[in-house]
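I opened this model for a look around. These are my notes, in the order I made them.

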Amino acid sequence: MKKETRENLQVGSALGMLALGMALTVAGFIVSPLGEIHESVLGLFAECLIYAGSIFGVAIYAHNKYAEIKTYVEERMPASQN
């Protein structure tokens, strides 16, 4: 699997989980009893937020670490080898 395809799949699944969590939360307001959200809906929404946050957080962390390593290697390489 290509790197771009994998990243697109991760971002798509994270966005899908956010959309699902928001939809369930809104649905929790409009079903009986009106205006109250059941604990299970809030728990599922929290899990959706954690999943999306972990996907985005891991991607950002990995990207930053790669940039740090690349900068370190470029600084240590003599100019003639670039």
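The entries below cover the helices, a pocket, a surface patch, a peptide bond, a salt bridge and some distances.

**Ground rules.** I am working with a predicted model, where local features need pLDDT of at least 70, side-chain atom pairs count only at pLDDT 80 or more, and totals for chains, interfaces and linings use all residues. I number residues from 1 along each chain as its sequence is written, and side-chain values use heavy atoms, with hydrogens and water left out.

I looked up the largest pocket and found about 320 Å³ of space in it. A pocket here is an open set of points on a 1 Å grid over the protein atoms alone, where a 1.4 Å probe fits, with protein on both sides within 12 Å along at least five of seven lines. Lining residues have an atom within 4 Å of a point. The volume is the space filled by probe spheres set on the points, which are joined across faces, edges and corners.

Which residues line the largest pocket? I listed Lys3, Arg6, Glu7, Gln10, Val11, Ile55, Phe56, Val58, Ala59, Ala62, His63 and Tyr66. Helix H1 (3-30) and helix H2 (39-76) are the elements that give two or more residues to this lining. Helices are DSSP runs (H or I, at least four residues), numbered from the N terminus. H2 gives the most, with seven residues.

I then sorted the lining by type: seven nonpolar, two polar and three charged. Nonpolar covers Ala, Val, Leu, Ile, Met, Phe, Trp, Tyr, Cys and Pro; charged covers Asp, Glu, Lys and Arg; the others, Gly among them, are polar.

**Patch.** Next I checked the surface. Val11, Leu15, Phe56 and Ile60 form a nonpolar patch there, with about 330 Å² of accessible area together. H1 and H2 are the elements that give two or more residues to the patch. Such a patch joins nonpolar side chains (Val, Leu, Ile, Met, Phe, Trp, Tyr) within 5 Å, from residues with over 30% relative accessible area and no salt bridge. Areas come from the Shrake-Rupley method with a 1.4 Å probe, and for residues only the protein chains shown count as cover.

Phe56 sits in helix H2. It counts as partly exposed because its relative accessibility is 30%, given that buried means under 20%, exposed over 50%, and partly exposed in between.

**Loop.** I found a cis peptide bond between Ser32 and Pro33, with omega about -10°. Most peptide bonds are trans. Pro33 belongs to the loop between H1 and H2.

**Salt bridge.** How many salt bridges does a search of the whole structure find? It finds one. The term needs a side-chain nitrogen of Lys or Arg within 4 Å of a carboxyl oxygen of Asp or Glu. Glu68 pairs with Lys65, the closest N and O atoms being 3.4 Å apart. Both lie in helix H2, three residues apart, about one turn of the helix. Glu68 is partly exposed at 48% relative accessible area, and Lys65 is partly exposed at 34%.

**Distances.** All of these run C-alpha to C-alpha.

- Thr25, in helix H1, counts as buried because its relative accessibility is 15%. Thr25 and Phe45 are 20 residues apart in sequence and 7.0 Å apart in space.
- Ala19, also in helix H1, is partly exposed at 41%. Ala19 and Ile69 are 50 residues apart in sequence and 35 Å apart in space.
- Leu49, in helix H2, is partly exposed at 42%. Leu49 and Tyr72 are 23 residues apart along the chain, with 34 Å between them.

Key. Patch = residues over 30% accessible without salt bridge, like charges linked within 9 Å, V, L, I, M, F, W, Y side chains within 5 Å. Buried < 20%, exposed > 50% of the residue type's maximum accessible area, 1.4 Å probe, protein only.
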